[in-house]
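User: Hi! I'm new to this one, could you walk me through it?
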Amino acid sequence: MLRKRIIPCLDVRNRKVTKGIRFQNNVDLGDPVEMAVAYSEGGCDELVFYDITASAEGRRIDLDMVKEVGRAVRIPFAVGGGIRNLQDMYDVLWAGAEKVSVNTLAVEHPEIISDGARQFGRQCIVLGMDPVRTDDPRCPSGYEITTRGFRQRTGIDAIEWAKRAVDLGVGEIVVNSVDADGTREGYELVLTRLVAEAVSVPVVASGGAGTPQHLIDVFQKALADAAIVASMVHMGHYTIQQIKEELDKAGVPVRKKW
Amino acid sequence: MIVIVDYKAGNLTSVRLALEHLKVEAKVTQNQADILAADRVIFPGVGAAGAAMKSLNELNLVDTIRTVVARGTPFLGICLGTQVIFEYSEEDGGTPCIGLIPGKVRKFQPKDPACKIPQIGWNEVKFTRGHPLFAGIEDESEFYFVHSYYPVPTEADYVLATTEYADVRFASIVGRDNLVATQFHPERSGRIGLRLLRNFCDWDGTC
């Protein structure tokens, strides 16, 4: 049986892993390569890195870091933040990343998804989306896509966008709830399930994980295929192993040997 | 020298880095003479079968692959590299492939919509018999998969391990003589994947 994946998310700024709430009040947590190795040896199933300032600073992603991570870990990892075009995708993938994640770029230039899927295979194109709860009548699902690190509202319905992105060629969707991000109060189960039921590709839940029960809920009630964790492991509240033990007890299939 | 065949079917970096990790010297190449002279050959690949076969034909590598396998050189297929050594793939409206293993490659058709395609993630690999490649690896270990199509060999003899997904138990490792091929990615499968690659680097091609 396919295992549910636990994916630590490393937000990187100036070569340091950092964590804030809704992209604010960030504190630095450590070196991205060292943390990647520690999580990999601790039993995580995959990793994701976001270069959170590349976009705002108008520079390309930190490729040296991607190369170092590629040399250091033997599990898959995705990289996002600051991807501007096909060349950036190529550079990140050839530096050793398994997947490349696009978010704002895909909303503003959806053809990057089809171009990337054609060039590199859809399995390496991940759509990151940051939906927020809304009453906007243009968004019948009740969730609106934001871009530029939650700063920009788009009037685009989250579910419509998810379906369209799959048609264009994404191989996986990371659903990062703006409302839940950094709160450690649990994933946005309604949103995650809406997306999971709407698309044929795997869905990764993100934002809000604080306890192992939150992961159990998102797998069992919201049909997520994988779950991103950040604060709860970065701050040392739980280890990956502890989370997996709780998931195993609850009957969620997880990888137990590494 | 180990040769990693580069036929423009996706990213070879992780295979190269995994061998680097094992301190095994490897050469990434699309050169026929290099491939024919290799001590062992790794044939990876991600993406679609149609584009992969087109590229192999353009590079004149189809016969090279057949020849190097026929002369007994230890040969490891990975993911798409595994699929294109079958006779035929359903992908891209039907693609004739290299034909080193009798059988074809089919698309997952899950009945349950909650079962997602591609299969992405770690799944269990159950050995159907012993093989030098499995030395030190426990049966039912987990490996990392990323695929929408799966191999269906006509001969049960060629199935070395199976995995279950989308209502089918498919051949996740196939092999005969000096050829082995995995549907999963050993180069992305942590310590256990590295062990399988190590075993391949030590294998004399007999079983």
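Analyst: Happy to; we'll go through the chain contact, a helix, the cores and some helix packing.

Analyst: This is a predicted model, where local features need pLDDT of at least 70, side-chain atom pairs count only at pLDDT 80 or more, and totals for chains, interfaces and linings use all residues. Residues are numbered from 1 along each chain as its sequence is written, and chains are lettered from A and ligands numbered from 1 in the order in which they are written.

User: How many residues does the contact take from chain B and from chain A?
Analyst: Chain B puts in 31 residues and chain A 29. Two residues are in contact if their C-beta atoms, placed from the backbone, lie within 7 Å.

User: What gives the most on the side of chain B that touches chain A?
Analyst: That's β8(B), with six residues. Helices (H or I, at least four residues) and strands (E, at least two) are DSSP runs, numbered from the N terminus.

User: OK, new topic. Which residues of helix α3 of chain B are buried?
Analyst: In α3 (residues 49-58), they are B:Ala49, B:Ala51, B:Ala52, B:Met53 and B:Leu56. Buried is 20 or more other C-beta atoms within 10 Å of a residue's own, exposed is 12 or fewer, and partly exposed is in between, with C-beta atoms placed from the backbone.

User: What do they pack against?
Analyst: The buried residues of α3(B) pack against elements of chain B including α4 (62-70) and β7 (101-107). After α3(B) comes B:Asn60, with a positive phi near 55°.

User: And which residues touch the most other members in the largest nonpolar core?
Analyst: Among its 86 residues, those are A:Leu47, A:Val100, A:Ile173, A:Val204 and A:Ala227. Such a core is a set of buried Ala, Val, Leu, Ile, Met, Phe, Trp, Tyr and Cys residues joined through C-beta atoms within 7 Å. A second, separate core has 67 residues, including B:Phe184.

User: Last one: at what angle do α1 and α2 of chain A pack?
Analyst: Helix α1 (residues 32-41) and helix α2 (residues 63-72) of chain A pack at about 25°, their axes 9 Å apart. Axes are lines fitted to C-alpha atoms, for helices over the stretch in contact, and angles run from 0 to 180 degrees between N-to-C directions.

User: What does that make them?
Analyst: α1(A) is roughly parallel to α2(A); angles under 35 degrees count as roughly parallel, over 145 as roughly antiparallel, 65 to 115 as roughly perpendicular and the rest as oblique. On the α1(A) side, the contact includes A:Pro32 and A:Val33.
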